[in-house]
Structures are given as structure tokens and as C-alpha cells.
There are 2 protein chains.
Amino acid sequence: MDDRKLLETVMDIVGRENCLDDCAVLPCGDRFMVATTDMLHRTTDFVPGMTDWQAGWMSAAVTLSDIASMGAAPKYVLIAVGLDDWRSLSGVMQGAKDCCTRFGAAIIGGDIDRHDELTVVTTGLGLVDKDHLVRRTGARPGDLVCITGTPGQAQARLDGYPQYEKALFEPQPRVDEGQILGRAGVSAMMDDSDGIALSLYDLMSVNPCGFSIDSSRLPLPAAIPADQARELALYGGGDYELIFTIAPGRFPVQGVAATVIGTAVPEKAVMADGKPLEKRGYQHHWK
Amino acid sequence: MDDRKLLETVMDIVGRENCLDDCAVLPCGDRFMVATTDMLHRTTDFVPGMTDWQAGWMSAAVTLSDIASMGAAPKYVLIAVGLDDWRSLSGVMQGAKDCCTRFGAAIIGGDIDRHDELTVVTTGLGLVDKDHLVRRTGARPGDLVCITGTPGQAQARLDGYPQYEKALFEPQPRVDEGQILGRAGVSAMMDDSDGIALSLYDLMSVNPCGFSIDSSRLPLPAAIPADQARELALYGGGDYELIFTIAPGRFPVQGVAATVIGTAVPEKAVMADGKPLEKRGYQHHWK
């Protein structure tokens, strides 16, 4: 059992339309509010060597990334902290606060609980003009497929490249880029936190098209053998880059460093270099 | 170390003004949005004998109760579920959905994670007209102190009275009552989830007054010796009644079954029957 199969159970109960995007979308005056929640905890998410401050930073960052992927500006974060050791609290809270402050959001509330292991759940709320909201749906055949930054760095640290520790321990959500891309009219967007391959499959599942990428165009982390670097970018977890589709005439977008890695195609398939791309990446598994 | 002391650490980092109420308050068009998050988990909150459905119901109910205590209408719930056994998911989600549906809210998003023990974090969003928002602050000397329903029932089940199982396992947040009380102009309100005594101390900490109650006026659960029943109501956890203060001329409030148990007084003290009330109740503790 993996989390994408479990999501089907959730869809049956709460409705498919509530499970299609990185955030829920609510009316809020003349704008939209977007809302998202993420659970992280020690054994799965907080890698040995991370400080409490970094655990807090990461917890806020993953939620801000979801908001960024909708083209919205993060505004408010709620944080629930389950503590095995109360001494972790101030570091976790300070890290979360520093990340929120850096990206224009404020911590407005929370909960503290006693727990077997450090567990942090952040809920983020953002605002976006109705015209600039971006969803996972909206991709059209012929659109370019693009990615911000250099994917694969977080997984590179997990696979033995210590120079990429900061990418894994202190991820930088693409908050400014998300809003610029929303205003520029990208057609679909999500973050690549489970790797590029799974992201493309997720996008295909909600769009009437597939995707064909050219792996030689992937921007790759430096000082890693090319084959391994490609593997990290396609299948690694822990990155918070934005993957988006955009009409060719709208690219490049001023103010956003992004690379074209392929195109949306009429066929319902995800292809890399003319062959089907393996459907794997970061997932939770249950026995 | 207990959670009220840890809250001081949080206040120092995120600001005292963000920690004073059951919910944060945000502008949303011409109304206020209120937002709250709560973490529950198996070892602390989900009592042996509870079904997955009841764990989901309770998880939604505690968050809806926080929204009710601000006088707001619950609208949206996000739910993050940490699962030791994936088979729990459908029951938990169905219970949370049924509770939300009963009280006028919808589940709009969530997250699924693998975890050592069942852990559920619900985040609730509600809406309220600006004039009808109720906070913990606002109590004035001379106000009546009132409570809805019959407190002590949830703790009665924990202390060996099986007839009160439903009160503990399927708490009914006072969603309708909270909104009626907000429109009726109550001066301060919170829920009594940590017991009446701690709630009164919490209210005193943010108001320029104290409280004097008459324990003989407490509505008590039936078929329990009176001394024990009073103890359960004052110091027990797991109830989700609303405790509020109101100017005498505004009470009773049509449509709300509530009992006057005392008055707000100029002295900064919490008294019961003329003696200081013990400051204890449900709290998390860390070594």
C-alpha cells in the first residue's frame, strides 16, 4: 500500500475535487484563499543531523511551497508540534518563524502535544488574485514543460554528497517565482517534492495530455556523475522546485530562472528520450 | 514542564497576541475568518475502545469546538493523518467527514503520512460577522459566568462510568450555541476542554477581572455522588462545553441551554464557594 493508492480512499470519502491540487481554494472577499496542510516527523522527514531549527524551517517550507505552486502569496501559518522532548520546542518554533518571515508569512496559531517522536504539522493559508490562480489542471498539448532551479540536490545529500546538505536541510520554497509565474499565465503547476517523474504522472492524471521530456535538458547538480545526477533529478525526493507548463509564446518569464525540459503531448503517456519514464519516486509505504 | 509553561516559550517567539484565543482571527472580505489547529493521537487522546470512526469524529469535533467558541460558523477543515495501519484511514476520514457534515463544514484537503501511532491533526476555518466575533478577552466585573450543557461527563467515562461513553467518544461541539451566543453579545468565551477550573484561570489571565463561582450551581452528571461529580466538572478533561461571560441583562439567551455558575469580580482571583479554586485540570506533561 502506498500513499497514492490511499489517496483514492480519501477521494471516495471527501470528494475527488478536493484532492486534485497542492492546496484547496476558498473564496475570500474578491480574492481566493488557498489552504494546505503537511505532516512531517522525525523518523521519515527529519534526517539525522538536522537541528531543531532546521526541522522547523523545513516544516514551514514544505507548506509555503504548496502555496507557491498555486501562484499565491503565503500569509498565515498554523503549526501543531508533537514533542518527545520539550526542549525542542523553541528551536522548532524559531526555525518555522524564520522561514515564514523570510517568505512573507506569519505564524498565527498552533497546538502543542506530547508525542513519541518530534512531529510537526504546518497548515498554510495564502491569497491570490482570482485571475492569477494556477492549478495542476490546465496543461494543453504543445505547452512547454519547465522546472525552476536545479532539481536532485536534496536527494544528492541523502545519497552521499555532503555539499548538498543545505538543499535538504533548509529547502527554499519558490515563493516569489510562483507568484510571478501565476501572473505570467502558466497553464499548470505543482512542486516536485516527490521527484520530477511522479510529478509528471500526477499532472497527467488530471490533464487531457501527456508529457515528453528530454533528459539531456535537465539542469543537474554539479560534481555528480551525469547518469546518477539524472536519476536524482527524476526520482529523488526533498526538492521544492516548481514544475509548470506554459504556452511557448509566454516563455521565458522575466524574473524566474527556469529550464525547458520537454513539451505536453496529445498522447496520455509520460516519455523521456522517446521511452516511457518509470513511474517511481518518493512515496510512503505501509505493510 | 507542562503545556501552559511551554506556551510562554511560543509566545516569546511568535508574539503573545497570537496565543490568546482558541482561534486566530484574519480579515476575509467584510467578515473575519477564524483558524485553529489541533493534534490528537492514540496514546494520549484516542481512548482504548474507540473506533477509527470515533477517532475521526473526535478529531474534527475538537477543532469545530474552537471555532464555536469564537462565535463563528465552521466552514472548512483540513486533516493530516499519520497512520501506523493504513486500514484505519477510511474509518478516520469517514468519522471526520460525518462530524463536519453534521456541523456545516466540509473537508477540503489533507495529508497522509506513515507514523508509529495514529496521529490526526485537524485545522478548522470558520467565518463570522465582525460584530459577532467573541474572544477570551472582554469579561467585565459584574458579568455572569455561564456554562452550556452538563460538564464532567467525558471525565466520568474515564473514571469508571460507562454510561457516559458517548460524551467522551463522540463529543458534540456547541456549534449552534456558539453562534447564537456571539449574536447575543456575550463578553468573553472559550471551550472548557481542559476543565472549568483551568478555563477560568485562562480567562483571568487575559481579562482585568477574576471569577467567583458557586459550586452548588454546577449542573452535574446524574447517578454520580455529588462530590465526585463536582470534581469531574471542575477538573476533568474531554468536555466541549462553552464557558462564557455575559452582562446580566442579556441572560438567558433564547435557544441556548446554559447555567449561571458565578460572576466576574474585580479581584484577580478564581474563587469557588468563597475559597480559592485549585488551579489544575487536563494538561500534557513532559519530564
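**Core, interface and a helix pair in a predicted model**

Good morning. In the largest nonpolar core, which has 200 residues, A:Val34, A:Ala35, B:Val34 and B:Ala35 touch the most other members. A nonpolar core here is a set of buried Ala, Val, Leu, Ile, Met, Phe, Trp, Tyr and Cys residues joined through C-beta atoms within 7 Å; buried means that 20 or more other C-beta atoms, placed from the backbone, lie within 10 Å of the residue's own.

This is a predicted model, in which local features need pLDDT of at least 70 and side-chain atom pairs pLDDT 80 or more, while totals for chains, interfaces and linings use all residues. Residues are numbered from 1 along each chain as its sequence is written, and chains are lettered from A in the order in which they are written.

Beyond its neighbours within four places in sequence, A:Ala35 has contacts that include A:Cys23, A:Leu125, B:Tyr76 and B:Ile108; contact means C-beta atoms, placed from the backbone, within 7 Å.

Turning to the interface, 49 residues of chain A are in contact with 49 residues of chain B. On the chain A side, β4(A) gives the most, with eight residues; strands are DSSP runs of E, at least two residues, and helices runs of H or I, at least four, numbered from the N terminus.

Finally, in chain B, helices α2 (residues 52-68) and α3 (residues 89-102) pack at about 40°, with axes 6 Å apart.

Terms used
A residue is buried if 20 or more other C-beta atoms lie within 10 Å of its own, exposed if 12 or fewer, and partly exposed in between; C-beta atoms are placed from the backbone. Two residues are in contact if their C-beta atoms, placed from the backbone, lie within 7 Å. Axes are lines fitted to C-alpha atoms, for helices over the stretch in contact, and angles run from 0 to 180 degrees between N-to-C directions.
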